[in-house]
Amino acid sequence: MAAATAAAAAAQGVSATQREEPIRDDAAVETAEEAKEPAEADITELCRDMFSKMATYLTGELTATSEDYKLLENMNKLTSLKYLEMKDIAINISRNLKDLNQKYAGLQPYLDQINVIEEQVAALEQAAYKLDAYSKKLEAKYKKLEKR
């Protein structure tokens, strides 16, 4: 009964010191009446509702995680396919590079001949310049001799 009076006084905003009942020394200890409140039907229904909503929430979280893993799996598959394509491209480039190196090796004797011919042409050009200079000197001497 005292608990009911205390609850009613607390609900009305009346503090424990303003009540008419005397303050007990063992106020911190709960009485058996206060600890044994019967479970109301509303609390049971609220618990069921909470567990239902929690189950829905956890199902959503697990579904989202599962979808994330599916997305990662698809991304990994696509990445694998891209790497296979890149591997094929690299193999083709390597094959073409070997072919080009073989063709270059086949052309190397002709390139060496071109270099030799170029050197000979440069030497011939130098000889032509020297011959031209010599012929100008001869012409100048001839004109000098002709004037005498």
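Buried means under 20% relative accessible area, exposed over 50%, and partly exposed in between (1.4 Å probe, protein chains only). This is a predicted model, where local features need pLDDT of at least 70, side-chain atom pairs count only at pLDDT 80 or more, and totals for chains, interfaces and linings use all residues. Residues are numbered from 1 along each chain as its sequence is written, and side-chain values use heavy atoms, with hydrogens and water left out.

Colour by secondary structure. Helices (H or I, at least four residues) and strands (E, at least two) are DSSP runs, numbered from the N terminus.

Areas are Shrake-Rupley values with a 1.4 Å probe; for residues, only the protein chains shown count as cover.

Select Tyr104, Leu107, Tyr110, Leu111 and Ile114. Together they make a nonpolar surface patch of about 520 Å². Nonpolar side chains (Val, Leu, Ile, Met, Phe, Trp, Tyr) are joined within 5 Å, like charges within 9 Å.

Zoom in on Ile114. It sits in helix H3 (residues 41-147). Ile114 is partly exposed because its relative accessible area is 49%.

Next, select Lys137, Lys141, Lys144 and Arg148, a surface patch of positive charge. Lys and Arg count as positive, Asp and Glu as negative; His and the chain ends are not counted. Charges are placed at NZ of Lys, CZ of Arg, CG of Asp or CD of Glu.

Finish on Arg148, in the segment after H3. Arg148 has 77% relative accessibility, so it counts as exposed.

Key: Patch = residues over 30% accessible without salt bridge, like charges linked within 9 Å, V, L, I, M, F, W, Y side chains within 5 Å. Salt bridge = Lys/Arg side-chain N within 4 Å of Asp/Glu carboxyl O.
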